[in-house]
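Reader: I have a model open and want to learn to read it feature by feature. Please show me how.

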Amino acid sequence: MAIAKVEPLTTARALRGPFDYRLPERMEGVGVGTVLRVPFGRRRVLGVVVEIAERSELPPERLAEPLEALEAGVPAELVRLGLWTAREYCSTPSRGLQLVLPPGTGSGGRRVGPRLERRVALTGAGRDALAGGARLGSRQRAVLEALAEANGGGDLPARQLAVASGSDSATLRRLESRGLVELRQERALRRPRVAAVGDAPGAIRFTAEQEDAAATIVGAIGRGEERELLVHGVTGSGKTEVYLRGAEAALARDRGAIVLVPEIALTPQTLARFRERFGDVVALLHSALREGERYDEWERLRSGAARLCVGPRSAVFAPVSELGLIVIDEEHDPSYKQEGDPRYDARHVARRRAAEAGAVLIAGSATPRPESWLELPRLELSRRVDGRELPEVEVLDMRGDDRRGGPLHPATRKALEALRAEGGKGILLLNRRGWAPHLSCRSCGHTWGCPRCDVSLVVHRSTERLTCHHCGHAEPVPDSCPECGSVTLARHGAGTERLESLLSGLLDPLPVFRLDSDSAGRGGGHPEILARFQDAEAGVLLGTQMVAKGHDFSDVVLSVVLDADAALRFPDFRAEERAFALIAQLAGRSGRGEAGGRVLVQTLAPDAPAIEAAARHDAPGFLAGELERRRALRYPPFAHLVRVELAAGEAADADRVAGGLRSVLEGALPEGSELLGPAPRVRLRGRHRRQLLLKTGDRGATVAAVRDAVEAAARGRALRGAALSVDVDPQ
Ligand SMILES: [Zn+2]
Ligand SMILES: [Zn+2]
């Protein structure tokens, strides 16, 4: 008797699967990865088969049979990967499996499936009738003519035919009954439409460094080696061309490839390059596609019709079989980390997947992470393909007391005025949305904070509201102070909204394009804003960190980072790494055209190592210092971190649960681990938060100890009133 071990797709943490079901003979085709609908207590739920066994520990009469098997299943290797991810990130099997399911199969919600379409095909008799002058009505003739002219052999979707010939279904049925056409239902593929943003490269001639890097990668793929490589290439050094060579080598050996990019907004550019080279075998997967498109792209990969997948972090779970290559482009980007449970890091999952598949893994960046720098063999692309030098970076000290210039340094102002006079394009980075980040009363000093979070409210002028950037709380901008009645209120600092207005005045008549999560809503999405900037003769793109991410604009002559040390002020061991990457990335986007380029960095900390190194374009120098610091402080990559966060409506509950968990963990952690906290964190959404931080050399044992503690707490009543989340390798 065959037993299916089924992991139910539920959200309950305390539930321990898998559960055994007896497979009846009619379900012969069921295997690992099949999605079943099963009776579960008094409910019916979906579950994934994780194993097929000969026998069960339970007597046969106590085993239920599945109700049905869904058509779409998951490849067995992805079932293993989903379960591994769940374990590795202290999540549940169900949540791990959700990552690999066919789109639209989730635990609830409606199911998507293939779309069928009516097609009309010209028969031999139809062709003869058209040629031989048989008696045909004018509509009938129009139909046959439209079909005969259709490329691809006299076959069209009925809908398209109706437009082309003015036919209706009665005409089609008459033609069918005379044997002149054939009507059939066929599967129609829903394909995502994407417009490319960024400049396509001109004629490609490889530099010597590119040739060397490509040869190493192609060689490894050719020998079927399992290898990890870091492509360290300055911006403009032609990394994508090297990736394309690698993909070509994989496809030539009949192996598949996955190309990861940090953001959905960057997929059009990358997709266009790979489609241009490889055509239809390239598929796109991301969460912003329509459900039907996602389903069909997933199916194209699953069936092998497509062999290469481009997408953001979730595409690391794409159903590509015989995987030969995984590329992680811009590997330094924090968005490879998932925010919700399971809080997986696509870079870590990619390494596991490549190792399992015997594939080559390439991580690429101009500003690699310290981890990758230390652990991966490097391929260096130190020169731009156009032979130009990287632009000079000027660090502008903002510590002076003269603030009449507002948020712009006099040198920045001058450079912008020159841009207006001479034309050309500039990019300004200010990592802060809204008009002003603080509002206060000039008379009594009262400040406006979010009632639910311990953060200040941000002034937004377009909506005339004070808004919380954490929870979305919003209230009208007040006319007077509620404490003292004074009407003199001060708006401190500048966000992108205020800077946009300032720049519009300064640069008029040049256009200013604002790119942040507020602006995306009003003028089309991000791709539209970027496309308008690209098409403009001259102008300035202003925005949050999105403007520093991977877009290729060859004609940018000025890049400015305002408040470069904002990133450094975060209390996080990655602050230096972030600040360095942000500045170096934006600096690299300048001066790639004929006109050369200039980079200005405004800062209150001109001597900070991250800023000095970025100004020298010195990634190796920065990374050497940073690794030294991390080694001394025992931070990754010299230790692993696990963060456990508790949140509760009452501060006392948060303290109680955090304290309880700490005492459980104290005895359970492997030797040499450190347990820090509980430490209070900023209150958000009305929830009091506490954090436990674990530093350890033994990641596996620590994750297991945390998992046991968390599951025990979930089963018992210790968690009452509190929510708990675990973040392994927090970013
Ligand atoms: Zn006041
Ligand atoms: Zn809030």
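Reader: Which residues does T412 touch, not counting residues up to four places away in sequence?
Author: Note that this is a predicted model. T412 touches L396, V560, L600 and Q602, with residues up to four places away in sequence not counted. T412 itself sits in helix α13, residues 410-422.

Reader: Does T412 count as buried or exposed?
Author: Look at the relative accessibility. Buried means under 20%. T412 has 0%, so it counts as buried.

Reader: How does T240 compare as a reading exercise? Where is its place?
Author: T240 is in helix α8. Its relative accessibility is 21%, and therefore T240 counts as partly exposed. Leaving out residues up to four places away in sequence, T240 touches R273 and F274. Distance along the chain is another reading. T240 and E263 are 23 residues apart in sequence, and their C-alpha atoms are separated by 16 Å.

Reader: Which residues of α8 are buried?
Author: The buried ones are K239, E241, V242, Y243, L244, G246, A247, A249 and A250.

Reader: Why does the length of α8 agree with what it should span?
Author: Helix α8 covers residues 239-252, which is 14 residues. At 1.5 Å a residue the helix should span 20 Å, and its end C-alpha atoms are 20 Å apart, so the two agree. Just after α8, check the backbone: D254 takes a positive phi of about 65°.

Reader: On to the metal. What are the protein donors of the zinc ion (ligand 2)?
Author: Read the donor atoms and their distances together. The donors are the SG atoms of C450, C453, C468 and C471, lying 2.2 to 2.4 Å from the zinc ion. In sequence the spacing of these donor residues is C-x2-C-x14-C-x2-C. One pair links distant parts of the chain: C453 and C471 are 18 residues apart. C453 lies in the loop between β18 (438-441) and β19 (458-460), while C471 lies in the loop between β20 (465-467) and β21 (474-476). Both C453 and C471 are buried.

Reader: Why is the arrangement around the zinc ion (ligand 2) tetrahedral?
Author: Angles decide it. Four donors count as tetrahedral if all angles lie between 85 and 135 degrees. Here the four donor atoms subtend angles of 106 to 114°, so the arrangement is tetrahedral.

Reader: Now sheets. In what order do the three strands of the open sheet lie?
Author: The general idea comes first. Strands of a sheet pair through backbone hydrogen bonds, either parallel or antiparallel. In this case the order is β19-β20-β21, with antiparallel pairing. β19 and β21 stand at the edges with a single partner strand each, so one side of each has no neighbour in the sheet. On average, neighbouring strands here are turned by 30° against each other, direction ignored. β20 and β21 pair over three bridges. R465 stands opposite P476 in β21.

Reader: Which strands pair with β13 in the parallel sense?
Author: Count the bridges on each side. Strand β10 (residues 256-260) runs parallel to β13 and is joined to it by five bridges. A257 has L325 of β13 as its bridge partner. Strand β14 (residues 360-365) also pairs with β13 in the parallel sense, over five bridges. There, V327 has I362 as its bridge partner. As for cover, seven of the seven residues of β13 (residues 323-329) are buried.

Reader: Which way do the residues of β23 point?
Author: V512 and R514 point one way from strand β23, and F513 and L515 the other way. All are buried. β23 pairs with strand β24 (residues 539-543) in the parallel sense, over four bridges. V512 stands opposite V540 in β24.

Conventions. Residues are numbered from 1 along each chain as its sequence is written. Chains are lettered from A and ligands numbered from 1 in the order in which they are written. This is a predicted model: local features need pLDDT of at least 70, side-chain atom pairs count only at pLDDT 80 or more; totals for chains, interfaces and linings use all residues. Side-chain values use heavy atoms; hydrogens and water are left out. Donors are N, O and S atoms within 2.8 Å of the metal (3.2 Å for Na, K and Ca); water is not among the atoms, so sites may look incomplete. Four donors count as tetrahedral if all angles lie between 85 and 135 degrees; four count as square planar and six as octahedral if opposite donors are over 155 degrees apart and all others between 65 and 115; anything else is irregular. Helices (H or I, at least four residues) and strands (E, at least two) are DSSP runs, numbered from the N terminus. Buried means under 20% relative accessible area, exposed over 50%, partly exposed in between (1.4 Å probe, protein chains only). The expected span of a helix is 1.5 Å times one less than its number of residues. Contact means heavy atoms within 4.5 Å. Two strands pair if DSSP finds at least two bridges between them. Axes are lines fitted to C-alpha atoms, for helices over the stretch in contact, and angles run from 0 to 180 degrees between N-to-C directions.
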